[in-house]
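The paragraphs below lead through one protein model, going from its charged pairs to its strands and backbone. Please keep the sequence and the structure open while reading.

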Amino acid sequence: RIWWGIMSLASFFYAACFGCAVGFACGAEGFSSWNGTAGGVSSLSGLWAQSYGARPGNVHLYRNGENPWLQEFNVSLRAQYQAAAVSPSGSGTYPGSHGRTEEWRRLRLGWNARVLRDLKVANIWNMGGVDSLGYYKGGRWNNHKMTRGNLYEAHLEYSLPGAVVGAGKVLPVILAENRISSSKYKLPEISAVENMLVSDSSFGVWSYNDEKKEPLGYYAGLWSNTDERSRGTWGTWESVNMSLGLSARADGLLLKEGRLYCDWIYNWGDMKDRPYDGNYTGTGARNVLALYYYGKQGAFELMAQAVWASRLREYSSGGVIAPSGLAGLTVMPSLNLTGHVQAVARYQLAFGPDAVKPNKRYASLAERGGNRVDCYQAVAAGLNFFVYRDDPARLKIMTMAEYGHSRGGRSAGFTGWTFICGAYTNF
């Protein structure tokens, strides 16, 4: 853990030194002051102004649009600390869990740069050595497990006329809740059906266009299903998955502004026949098909998604565990009550014979919480409080109360309440 912490900090430090050296070599006048203006001298007060000042933005170590080699060099931080509690119905909690916990949900440090006008370079690390979710072992719940530092993203993206191509390690853009940055989540945890199906940060190649500018959009990628367990580096192409996402502008369909999406993900991995020494990062099913909508009108926003998946896989033991498939529905409306307060609700439904796994992160605090059932429904509501109305993800507090109900299957699943409250910052 200490070694990984040193490695990730060293990556950040050496990249910062490289950015500074290139900036000096190309002229000191290109250095930005910490408040983002050209010229000036770096300072801690300027760093704070860029991060949490009246008008925060990217945190630049260097910015000079006239430099032909290096135009920007920025640092990034994502820190999310949250507390959670469950109130099971029909099942007890593990000895030692007391049905509650607190953890660093995410802690990532990184840098990114704009080079040669059209090339973006990014490097992000999960920081190790901090308290994360606990685990059940030896008849008791152990309250905390220390995180292990690892490489989260390391990639290049090159902008072409009308398209972007990329290669490296990144989180694939698939499904409605998962496709947006975790810093912009409206509820602390994504729905159970998405949590079962989405892939982890993976190595691959991809291409997309700017859906904010184009009436028709696409996102296509080919991804390795594994990375090397001990170092989080490139795994193998013997097991891959493919993602293809299409979108179309749908203004006026349900709300004034809107967009329709269709995602198809196909996984060639066969965990039943072939063991893998590396860490599995791929999707949770052979086939995944999703249709979803994002819409906005004034202060009101709506997300709705229908998803279907076949040949679900249990990658911890290998093999197909639910060949009959899984279907799910998620509806999430939100309303900005003020520029600093947002109300959110979510309904989720997932069903399939012995196929549905309730969101295991905090259900794992309760006995039999992680087992599969035939049907799982949940209704959630939350309030989010933003410090910056123009950049809600910069600094916010999120709250959520959710009631979930499990039915059918060979296990009890999880039926009861989940409560989450956390503080989140991102730049």
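A salt bridge is taken here as a side-chain nitrogen of Lys or Arg within 4 Å of a carboxyl oxygen of Asp or Glu. The model is a predicted one, and a search of the whole structure by that rule finds 7 salt bridges. As background, side chains of opposite charge can pair when their charged atoms come close.

Before turning to individual pairs, consider the chain as a whole. The protein chain has 427 residues, of which 51% count as buried. Its secondary structure comes to 4 helices and 25 strands. Among the contacts with a separation of 6 or more, 61% are between residues 24 or more positions apart.

Which residue forms a salt bridge with R179? The partner is E211, and the closest N and O atoms of the two are 3.3 Å apart. R179 sits in the loop between strand 10 (163–170) and helix 3 (192–197), while E211 sits in the loop between strand 11 and strand 12, so this pair ties together parts that are 32 residues apart in sequence. E211 is partly exposed, at 26% relative accessibility.

K186 and E301 do form a salt bridge, with their closest N and O atoms 2.6 Å apart. The two partners fall on either side of the 20% cut-off for burial: K186 is buried because its relative accessible area is 19%, whereas E301, at 21%, is partly exposed.

A further salt bridge joins the side chains of R346 and E402, at 3.1 Å from N to O. R346 is in strand 22 (residues 341–356) and E402 in strand 24 (residues 395–407), so that distant parts of the chain, 56 residues apart, are linked. Are these two residues buried or exposed? R346 has a relative accessibility of 2% and counts as buried; E402 is buried as well, with a relative accessible area of 8%. The pair is part of a network of salt bridges that links E177, R346 and E402.

R78, in strand 2 (residues 70–88), presents another case. This arginine is buried yet has no salt bridge. Why does R78 not count as paired? The nearest side chain of opposite charge, E153, is 6.7 Å away, and a salt bridge needs the nitrogen and oxygen within 4 Å. The side chain of R78 instead makes a polar contact with the side chain of S182, at 3.0 Å. Leaving aside residues up to four places away in sequence, R78 touches R106, L107, R108, S181, S182, S183, T425 and N426.

The end of the chain can be followed from there. F427 is placed in the segment after strand 25 (416–426). S51 is 376 residues away from F427 along the chain, but the C-alpha atoms of the two are separated by 6.8 Å.

Strand pairing can be traced through strand 12. Strand 11 (residues 202–208) and strand 12 (residues 216–224) run antiparallel and are joined by 5 bridges; in this pairing G204 has W223 in strand 12 as its bridge partner. Strand 12 also runs antiparallel to strand 15 (residues 240–249), with 9 bridges between them. There, A220 stands opposite L244 in strand 15.

Among the cysteines, C262 is partly exposed at 34% relative accessibility, and C421 is partly exposed with a relative accessible area of 40%.

Two backbone angles remain. Most residues other than glycine have a negative phi. L116, however, has a positive phi near 55°; L116 is in the loop between strand 3 (100–115) and strand 4 (119–126) and is partly exposed at 42% relative accessibility. D354 likewise has a positive phi, of about 55°, although it is not a glycine. D354 is placed in strand 22 and is buried, with a relative accessible area of 15%.

How values were computed:
Residues are numbered from 1 along each chain as its sequence is written. This is a predicted model: local features need pLDDT of at least 70, side-chain atom pairs count only at pLDDT 80 or more; totals for chains, interfaces and linings use all residues. Side-chain values use heavy atoms; hydrogens and water are left out. Two strands pair if DSSP finds at least two bridges between them. Helices (H or I, at least four residues) and strands (E, at least two) are DSSP runs, numbered from the N terminus. Buried means under 20% relative accessible area, exposed over 50%, partly exposed in between (1.4 Å probe, protein chains only). Lys and Arg count as positive and Asp and Glu as negative; His and the chain ends are not counted. A polar contact is a pair of N or O atoms within 3.5 Å; within protein, one must be able to donate a hydrogen and the other to accept it, and residues adjacent in sequence count only if both atoms are side-chain atoms. Contact means heavy atoms within 4.5 Å.
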